[in-house]
Amino acid sequence: MTYKTPKVIAEIGCNHKGEMSIAKELIKLAKDCGADVAKFQKRNNRELLTEEQYNTPHPNPHNSYGDSYGAHREFLEFNQQQHAELKAYCESIGIAYSTSVWDHISAAEIVALNPSLIKVPSACNNNFGMLKILRDEYKGEVHVSFGMTSHEEEASIVSFFEETNQGNRLVIYACTSGYPVPFEDVCLLEITRLKQTFGARVKDYGFSGHHLGIAIDNAAYALGGTWVERHFTKDRTWKGTDHAASLEPTGMLKLVRDLHATHKALTYKSKEILPIEQVQKDKLKYRKNG
(Lines give C-alpha, C1' and ligand atoms only; values in the text may rest on other atoms or scores of the structure.)
Protein backbone atom coordinates (compact mmCIF):
# COMPACT_ATOMS: atom_id res chain seq x y z
CA MET A 1 0.00 0.00 0.00
CA THR A 2 1.31 3.42 -0.97
CA TYR A 3 0.28 6.21 1.36
CA LYS A 4 -0.58 9.63 0.04
CA THR A 5 0.88 12.69 1.74
CA PRO A 6 -1.40 13.57 4.67
CA LYS A 7 -3.62 16.63 4.30
CA VAL A 8 -4.63 18.58 7.39
CA ILE A 9 -7.71 20.78 7.58
CA ALA A 10 -7.78 23.37 10.36
CA GLU A 11 -11.51 23.72 11.02
CA ILE A 12 -11.79 27.31 12.22
CA GLY A 13 -15.55 27.15 11.81
CA CYS A 14 -17.08 29.84 14.01
CA ASN A 15 -14.15 30.04 16.41
CA HIS A 16 -13.43 33.54 15.06
CA LYS A 17 -16.18 34.87 17.38
CA GLY A 18 -17.65 36.90 14.52
CA GLU A 19 -14.53 39.04 14.06
CA MET A 20 -12.72 39.23 10.73
CA SER A 21 -9.43 40.13 12.40
CA ILE A 22 -9.55 36.97 14.52
CA ALA A 23 -10.50 34.89 11.47
CA LYS A 24 -7.44 36.12 9.59
CA GLU A 25 -5.24 35.60 12.64
CA LEU A 26 -6.44 32.00 12.84
CA ILE A 27 -5.75 31.50 9.13
CA LYS A 28 -2.19 32.74 9.63
CA LEU A 29 -1.74 30.53 12.69
CA ALA A 30 -3.02 27.52 10.74
CA LYS A 31 -0.57 28.27 7.94
CA ASP A 32 2.29 28.64 10.42
CA CYS A 33 1.37 25.25 11.92
CA GLY A 34 1.65 23.62 8.49
CA ALA A 35 -2.05 22.94 7.90
CA ASP A 36 -3.08 22.56 4.27
CA VAL A 37 -6.56 24.07 4.52
CA ALA A 38 -8.23 26.74 6.66
CA LYS A 39 -11.94 25.98 6.77
CA PHE A 40 -14.94 28.01 7.90
CA GLN A 41 -18.72 27.51 7.94
CA LYS A 42 -21.48 29.18 5.92
CA ARG A 43 -25.13 29.19 6.95
CA ASN A 44 -28.24 31.00 5.83
CA ASN A 45 -29.97 30.85 9.15
CA ARG A 46 -33.42 31.83 7.87
CA GLU A 47 -33.34 28.92 5.43
CA LEU A 48 -31.74 26.50 7.84
CA LEU A 49 -33.80 27.15 10.98
CA THR A 50 -37.51 27.06 11.60
CA GLU A 51 -39.05 30.18 13.15
CA GLU A 52 -39.26 28.35 16.46
CA GLN A 53 -35.62 27.25 16.31
CA TYR A 54 -34.54 30.75 15.31
CA ASN A 55 -36.28 32.38 18.26
CA THR A 56 -35.45 29.75 20.89
CA PRO A 57 -32.78 30.72 23.44
CA HIS A 58 -29.36 29.15 23.00
CA PRO A 59 -29.22 25.88 24.98
CA ASN A 60 -26.02 27.06 26.67
CA PRO A 61 -26.45 30.79 27.44
CA HIS A 62 -22.83 31.08 28.57
CA ASN A 63 -21.70 30.42 24.98
CA SER A 64 -24.36 32.53 23.25
CA TYR A 65 -23.67 35.68 21.25
CA GLY A 66 -27.35 36.65 21.03
CA ASP A 67 -30.69 36.64 22.83
CA SER A 68 -31.91 33.72 20.69
CA TYR A 69 -30.23 30.86 18.89
CA GLY A 70 -30.91 32.61 15.57
CA ALA A 71 -29.38 35.86 16.79
CA HIS A 72 -26.40 33.91 18.08
CA ARG A 73 -25.88 32.28 14.69
CA GLU A 74 -26.28 35.58 12.82
CA PHE A 75 -23.64 37.22 15.00
CA LEU A 76 -21.12 34.53 14.03
CA GLU A 77 -22.00 34.54 10.34
CA PHE A 78 -19.81 36.02 7.59
CA ASN A 79 -21.52 37.02 4.33
CA GLN A 80 -20.39 36.00 0.85
CA GLN A 81 -18.23 39.10 0.40
CA GLN A 82 -16.47 38.43 3.69
CA HIS A 83 -15.85 34.83 2.65
CA ALA A 84 -14.35 36.13 -0.59
CA GLU A 85 -12.06 38.29 1.56
CA LEU A 86 -11.06 35.27 3.65
CA LYS A 87 -10.37 33.25 0.49
CA ALA A 88 -8.20 36.03 -0.91
CA TYR A 89 -6.27 36.25 2.33
CA CYS A 90 -5.70 32.49 2.36
CA GLU A 91 -4.39 32.63 -1.19
CA SER A 92 -2.11 35.54 -0.35
CA ILE A 93 -0.27 33.54 2.33
CA GLY A 94 -0.35 30.13 0.64
CA ILE A 95 -3.00 28.07 2.39
CA ALA A 96 -6.17 26.69 0.80
CA TYR A 97 -9.52 28.18 1.79
CA SER A 98 -12.64 26.11 2.28
CA THR A 99 -16.03 26.26 3.95
CA SER A 100 -18.66 23.86 5.19
CA VAL A 101 -22.02 24.74 3.68
CA TRP A 102 -25.27 24.06 5.52
CA ASP A 103 -28.05 24.99 3.06
CA HIS A 104 -28.95 25.72 -0.57
CA ILE A 105 -28.25 29.45 -0.47
CA SER A 106 -24.88 29.03 1.25
CA ALA A 107 -23.86 26.29 -1.17
CA ALA A 108 -24.65 28.50 -4.17
CA GLU A 109 -22.79 31.46 -2.65
CA ILE A 110 -19.64 29.44 -1.93
CA VAL A 111 -19.76 27.66 -5.30
CA ALA A 112 -19.59 31.14 -6.86
CA LEU A 113 -16.27 31.69 -5.05
CA ASN A 114 -14.92 28.46 -6.59
CA PRO A 115 -12.66 27.17 -3.79
CA SER A 116 -10.69 23.98 -4.40
CA LEU A 117 -12.91 22.02 -2.02
CA ILE A 118 -16.24 22.46 -0.25
CA LYS A 119 -17.23 20.47 2.84
CA VAL A 120 -20.63 19.02 3.67
CA PRO A 121 -21.09 18.57 7.43
CA SER A 122 -22.65 15.43 8.84
CA ALA A 123 -25.77 17.36 9.83
CA CYS A 124 -26.54 18.27 6.20
CA ASN A 125 -25.37 15.29 4.17
CA ASN A 126 -28.97 14.18 3.56
CA ASN A 127 -29.89 17.53 1.96
CA PHE A 128 -29.90 16.27 -1.62
CA GLY A 129 -31.05 19.61 -2.97
CA MET A 130 -27.86 21.13 -1.59
CA LEU A 131 -25.79 18.16 -2.75
CA LYS A 132 -27.20 18.64 -6.25
CA ILE A 133 -25.84 22.19 -6.34
CA LEU A 134 -22.39 20.90 -5.34
CA ARG A 135 -22.58 18.03 -7.82
CA ASP A 136 -23.95 19.89 -10.82
CA GLU A 137 -22.77 23.49 -10.46
CA TYR A 138 -19.28 23.03 -9.00
CA LYS A 139 -16.15 21.30 -10.29
CA GLY A 140 -13.95 21.07 -7.19
CA GLU A 141 -13.71 18.35 -4.58
CA VAL A 142 -16.78 17.70 -2.42
CA HIS A 143 -15.86 16.45 1.06
CA VAL A 144 -18.64 14.79 3.06
CA SER A 145 -18.60 13.78 6.73
CA PHE A 146 -20.48 10.61 7.66
CA GLY A 147 -21.21 11.32 11.32
CA MET A 148 -24.71 10.27 12.48
CA THR A 149 -25.23 8.62 9.07
CA SER A 150 -26.50 5.09 8.46
CA HIS A 151 -24.79 2.72 6.03
CA GLU A 152 -27.79 3.00 3.73
CA GLU A 153 -27.55 6.79 3.77
CA GLU A 154 -23.81 6.62 3.03
CA ALA A 155 -24.49 4.46 -0.02
CA SER A 156 -27.20 6.81 -1.27
CA ILE A 157 -24.83 9.80 -1.08
CA VAL A 158 -22.10 8.05 -3.05
CA SER A 159 -24.63 6.76 -5.58
CA PHE A 160 -26.05 10.25 -6.00
CA PHE A 161 -22.68 11.54 -7.19
CA GLU A 162 -22.16 8.48 -9.35
CA GLU A 163 -25.40 9.21 -11.23
CA THR A 164 -23.47 11.86 -13.18
CA ASN A 165 -20.08 10.16 -12.92
CA GLN A 166 -18.92 12.53 -10.18
CA GLY A 167 -17.73 9.98 -7.62
CA ASN A 168 -14.17 10.87 -8.52
CA ARG A 169 -14.68 14.30 -6.86
CA LEU A 170 -15.93 12.84 -3.59
CA VAL A 171 -13.92 12.55 -0.38
CA ILE A 172 -15.76 10.83 2.47
CA TYR A 173 -14.90 11.08 6.15
CA ALA A 174 -15.31 8.71 9.06
CA CYS A 175 -16.71 10.79 11.89
CA THR A 176 -18.49 10.50 15.22
CA SER A 177 -20.62 13.56 15.89
CA GLY A 178 -20.00 14.66 19.47
CA TYR A 179 -18.15 17.52 21.21
CA PRO A 180 -15.87 16.15 22.52
CA VAL A 181 -15.96 12.43 21.66
CA PRO A 182 -14.51 9.91 24.14
CA PHE A 183 -11.96 7.57 22.59
CA GLU A 184 -14.22 4.52 22.85
CA ASP A 185 -16.71 6.29 20.56
CA VAL A 186 -14.22 7.51 17.94
CA CYS A 187 -14.36 4.13 16.16
CA LEU A 188 -11.33 4.49 13.92
CA LEU A 189 -12.01 1.21 12.13
CA GLU A 190 -14.90 2.96 10.38
CA ILE A 191 -12.16 4.25 8.05
CA THR A 192 -11.35 0.65 7.12
CA ARG A 193 -15.04 -0.16 6.65
CA LEU A 194 -15.57 2.82 4.35
CA LYS A 195 -12.55 1.87 2.25
CA GLN A 196 -13.71 -1.73 2.00
CA THR A 197 -17.23 -0.62 1.10
CA PHE A 198 -16.53 2.08 -1.48
CA GLY A 199 -12.98 1.38 -2.65
CA ALA A 200 -12.10 3.36 -5.77
CA ARG A 201 -15.67 4.62 -6.22
CA VAL A 202 -14.64 7.82 -4.42
CA LYS A 203 -11.53 9.96 -4.74
CA ASP A 204 -10.22 9.64 -1.20
CA TYR A 205 -10.96 9.13 2.49
CA GLY A 206 -10.65 11.27 5.58
CA PHE A 207 -11.12 11.41 9.33
CA SER A 208 -12.96 14.22 11.06
CA GLY A 209 -12.00 14.04 14.72
CA HIS A 210 -13.74 15.66 17.66
CA HIS A 211 -11.67 13.95 20.36
CA LEU A 212 -9.20 15.51 22.77
CA GLY A 213 -5.48 15.55 22.04
CA ILE A 214 -3.61 14.15 19.05
CA ALA A 215 -2.76 10.62 20.19
CA ILE A 216 -4.97 8.79 17.67
CA ASP A 217 -4.82 10.90 14.52
CA ASN A 218 -1.76 9.05 13.25
CA ALA A 219 -3.68 5.80 13.58
CA ALA A 220 -6.47 7.32 11.49
CA TYR A 221 -3.94 8.23 8.81
CA ALA A 222 -2.31 4.77 8.93
CA LEU A 223 -5.73 3.21 8.38
CA GLY A 224 -6.11 5.22 5.19
CA GLY A 225 -7.58 8.56 6.25
CA THR A 226 -5.52 10.82 3.99
CA TRP A 227 -7.43 13.92 5.10
CA VAL A 228 -7.38 14.74 8.81
CA GLU A 229 -9.74 17.48 9.97
CA ARG A 230 -9.55 18.99 13.44
CA HIS A 231 -11.25 22.02 14.97
CA PHE A 232 -8.78 24.86 15.53
CA THR A 233 -8.72 27.83 17.88
CA LYS A 234 -6.25 30.20 19.44
CA ASP A 235 -7.57 29.67 22.97
CA ARG A 236 -9.72 26.73 24.11
CA THR A 237 -11.15 28.84 26.94
CA TRP A 238 -12.77 31.36 24.57
CA LYS A 239 -16.55 31.75 24.54
CA GLY A 240 -18.27 29.34 22.15
CA THR A 241 -19.27 25.70 21.91
CA ASP A 242 -16.46 24.40 19.63
CA HIS A 243 -13.40 25.77 21.43
CA ALA A 244 -13.24 22.99 24.05
CA ALA A 245 -12.95 20.30 21.35
CA SER A 246 -10.43 22.30 19.28
CA LEU A 247 -6.66 22.20 18.99
CA GLU A 248 -4.64 25.26 19.90
CA PRO A 249 -1.62 26.18 17.74
CA THR A 250 0.82 24.04 19.71
CA GLY A 251 -1.39 21.00 19.26
CA MET A 252 -1.96 21.67 15.55
CA LEU A 253 1.78 22.14 14.98
CA LYS A 254 2.52 18.79 16.64
CA LEU A 255 -0.30 17.07 14.75
CA VAL A 256 1.06 18.18 11.37
CA ARG A 257 4.62 17.26 12.40
CA ASP A 258 3.61 13.80 13.58
CA LEU A 259 1.46 13.01 10.54
CA HIS A 260 4.31 13.84 8.18
CA ALA A 261 6.72 11.76 10.28
CA THR A 262 4.28 8.86 10.09
CA HIS A 263 4.04 9.30 6.31
CA LYS A 264 7.82 8.95 6.04
CA ALA A 265 7.79 5.86 8.24
CA LEU A 266 4.99 3.96 6.46
CA THR A 267 7.22 2.10 4.01
CA TYR A 268 8.81 -1.32 3.56
CA LYS A 269 12.54 -1.78 3.76
CA SER A 270 14.07 -1.12 0.35
CA LYS A 271 16.53 -3.96 0.94
CA GLU A 272 16.87 -6.70 3.54
CA ILE A 273 19.66 -4.92 5.37
CA LEU A 274 19.49 -1.15 5.16
CA PRO A 275 22.71 0.90 4.93
CA ILE A 276 21.97 2.36 8.36
CA GLU A 277 21.83 -1.20 9.70
CA GLN A 278 24.94 -2.44 7.92
CA VAL A 279 27.13 -0.28 10.12
CA GLN A 280 25.55 -1.78 13.23
CA LYS A 281 25.65 -5.28 11.79
CA ASP A 282 29.38 -4.98 11.13
CA LYS A 283 29.86 -3.77 14.69
CA LEU A 284 27.42 -5.88 16.67
CA LYS A 285 26.71 -9.10 14.78
CA TYR A 286 30.33 -10.13 14.18
CA ARG A 287 31.05 -13.55 15.65
CA LYS A 288 34.11 -15.78 15.46
CA ASN A 289 33.53 -19.10 13.68
CA GLY A 290 32.08 -21.59 16.11
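Which helix or strand gives the most to the lining of the largest pocket? Helix α4 does, with three residues. Helices (H or I, at least four residues) and strands (E, at least two) are DSSP runs here, numbered from the N terminus. The model is a predicted one, so to speak of local features takes pLDDT of at least 70 and side-chain atom pairs count only at pLDDT 80 or more, while totals for chains, interfaces and linings use all residues. Residues are numbered from 1 along each chain as its sequence is written, and side-chain values use heavy atoms, with hydrogens and water left out.

That pocket comes out at about 680 Å³. It is lined by 37 residues, and Q41, R43, W102, Y179 and D242 sit closest to its centre. Besides α4 (69-75), both β2 (37-42) and β8 (227-231) supply at least two lining residues each. By class, the lining holds 13 nonpolar, 15 polar and nine charged residues. For these counts, Ala, Val, Leu, Ile, Met, Phe, Trp, Tyr, Cys and Pro are nonpolar, Asp, Glu, Lys and Arg are charged, and the others, Gly among them, are polar.

On a 1 Å grid over the protein atoms alone, a cavity is a set of points where a 1.4 Å probe fits but cannot get out, a pocket is an open set with protein on both sides within 12 Å along at least five of seven lines, and lining residues have an atom within 4 Å of a point. Grid points are joined across faces, edges and corners, and a volume is the space filled by probe spheres set on the points.

Now for helix packing. Helices α1 (residues 20-33) and α11 (residues 249-265) pack at about 35° with their axes 8 Å apart (axes are lines fitted to C-alpha atoms over the stretch in contact, and angles run from 0 to 180 degrees between N-to-C directions). In this pair, L29, D32 and C33 of α1 meet P249, M252, L253 and V256 of α11, contact meaning heavy atoms within 4.5 Å. The α1 and α11 contact has six nonpolar, no polar and one charged residues.

Helices α7 (residues 128-136) and α8 (residues 151-162) also pack at about 35°, with axes 10 Å apart. Here F128, L131, K132 and R135 of α7 meet S156, I157, F160 and F161 of α8, giving five nonpolar, one polar and two charged residues.
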